[in-house]
Amino acid sequence: MLFIPLKTGALTLANRMLMAPLTRARADLAHMPNDLMAEYYAQRATAGLIVTECTMITPNTSAFVTEPGIYTAEQVQAWKKITDAVHAKGGQIVMQIWHAGRAAHPLINNGAENLAPSAIAITGDIQTPDGKVAHATPRALSTAEISGVVQAFASAAKSAIAAGFDGVEVHGANGYLIDQFLRDSANQRTDMYGGSMENRARFLFEILTAVSAAIGSERVGLRLSPLNSFNSMIDSDPVGLTKFLATRLNEYNLAYLHLMRADFFQVQTGDVMSIARAHYKGVLIGNMGYSSDEAAAAIKEKKLDAVAFGTGFLANPDFPARVQAGALLNVPDQTTFYSPGAKGYTDYPSMQTA
């Protein structure tokens with residue numbers, strides 16, 4: 001089942017094994033993509049679709065110090081080398097466009113304040129050039145400021161297409177800005193962007209409308225994580241929120257909905273995948289902890305249409321071929337997930353070189 005082609009929006013995928021977005025922090029301090037990243041993504045071009053790491057849509061919104069951006073002409077040209085390298089290997093790649101919101105920090109962003117729906121800080125620490133410090137309390141975006149952020153997403157989508165990407169994935173997951181608006185633990189607003197699910201989702205819907213107008217909805221995917229408590233995220237009704245979003249998203253004719261099925265920390269539990277499947281009529285991609293056998297079974301049973309794999313692709317540049325051959329998988333080295341350089345990034349062997 002994993003190797004049956006899939007039509008998803010404007011794209012036809014050769015297989016149903018997607019490479020999940022993986023933050024690897026290999027750009028530079030100016031958030032510039034580079035040749036090492038081109039090698040990394042091109043190595044993994046046999047994925048049905050590559051989704052890039054989270055990519056900054058605007059300056060001074062960094063959460064990882066050296067993640068890439070897509071807000072300058074130089075970044076667009078640097079990304080073009082990467083998309084060309086993937087396409088030369090027969091692959092397809094979309095950019096995950098992202099605003100960190102309150103997960104950013106002034107010490108990483110030239111003193112710029114971090115922004116959020118409400119002035120509520122993430123608990124715990126964040127790594128900065130000055131070492132680990134407490135997360136900063138964000139400034140709540142004014143109602144008037146929100147349209148500018150929406151347009152930044154649309155501009156980033158246009159820039160991604162100019163850089164040769166096959167589409168974009170809007171990052172609405174894992175406690176970053178869109179997710180902060182969606183979930184009621186982080187969104188305590190009393191204006192038209194807070195309170196009811198409809199109001200809390202207004203920001204997301206405005207972004208999807210603007211991005212779709214910019215590049216066509218058939219080239220737009222969306223990632224959500226209604227259960228994940230990463231970055232201090234909790235919602236009082238995650239299953240209800242999933243049903244609401246899955247139903248309303250049918251209006252947008254997206255390429256796909258990419259749903260994380262669980263919580264990294266098991267703080268919240270629930271079955272969001274079956275709720276999404278019941279109410280969302282488009283292509284549904286599952287993510288988080290799937291084995292290849294479980295993924296194939298879920299697709300066969302029509303519980304979803306494809307699965308995005310993270311560490312499988314991280315440690316195995318030829319992951320689909322290994323799965324198809326029943327070959328052993330490389331073991332990922334967690335100590336190099338975010339470290340600079342090629343080690344643990346482009347030096348994992350393929351079957352031919354193992």
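This note sets out several local features of a predicted model.

1. Aromatic pairs: the tyrosine 40 and tyrosine 345 pair. The structure contains 16 aromatic pairs. In one of them, the ring centres of tyrosine 40 and tyrosine 345 are 4.1 Å apart and the planes meet at 10 degrees, so this pair is stacked. Tyrosine 40 belongs to helix H1 (residues 35-43) and tyrosine 345 to the segment after H11, so the pair ties together parts that lie 305 residues apart in sequence. Tyrosine 40 is buried, with a relative accessibility of 0%. For tyrosine 345 the value is 0%, and this residue too counts as buried.

2. The phenylalanine 181 and tyrosine 193 pair. Phenylalanine 181 and tyrosine 193 form an edge-to-face aromatic pair, with 6.3 Å from centre to centre and 75 degrees between the planes. Phenylalanine 181 sits in helix H4 (residues 177-182), whereas tyrosine 193 is in the loop between H4 and helix H5 (197-200); the two are 12 residues apart. Both phenylalanine 181 and tyrosine 193 are buried.

3. Ring cluster and a charge over a ring. Tyr40, Tyr41 and Tyr345 are joined into a cluster by ring pairs. Elsewhere, arginine 261 is placed over the face of tyrosine 290, at 3.6 Å from the ring centre.

4. Asparagine 330. This residue lies in the segment that follows helix H11 (319-325). A polar atom of the asparagine 330 side chain lies 2.8 Å from the backbone oxygen of alanine 315. When neighbours within four places in sequence are left aside, asparagine 330 is in contact with Ala315, Asn316, Pro317, Arg322, Tyr348 and Pro349.

5. Alanine 25. Most residues other than glycine have a negative phi. Alanine 25, although not a glycine, has a positive phi of about 55 degrees. The residue is located in the loop between strand E3 (17-19) and H1. With a relative accessible area of 8%, alanine 25 is buried.

6. Methionine 288. A positive phi is also found at methionine 288, a residue other than glycine, where the value is near 110 degrees. Methionine 288 occupies the loop between strand E13 (284-287) and helix H9 (292-300). Its relative accessible area is 14%, so methionine 288 is buried.

Terms used. Residues are numbered from 1 along each chain as its sequence is written. This is a predicted model: local features need pLDDT of at least 70, side-chain atom pairs count only at pLDDT 80 or more; totals for chains, interfaces and linings use all residues. Side-chain values use heavy atoms; hydrogens and water are left out. Helices (H or I, at least four residues) and strands (E, at least two) are DSSP runs, numbered from the N terminus. A polar contact is a pair of N or O atoms within 3.5 Å; within protein, one must be able to donate a hydrogen and the other to accept it, and residues adjacent in sequence count only if both atoms are side-chain atoms. Contact means heavy atoms within 4.5 Å. Rings of Phe, Tyr and Trp (its six-membered ring) pair if their centres lie within 6.5 Å; planes under 30 degrees apart count as stacked, over 60 as edge-to-face and the rest as tilted. Buried means under 20% relative accessible area, exposed over 50%, partly exposed in between (1.4 Å probe, protein chains only). A charge sits over a ring if NZ of Lys or CZ of Arg is within 6 Å of the ring centre and within 35 degrees of the ring normal.
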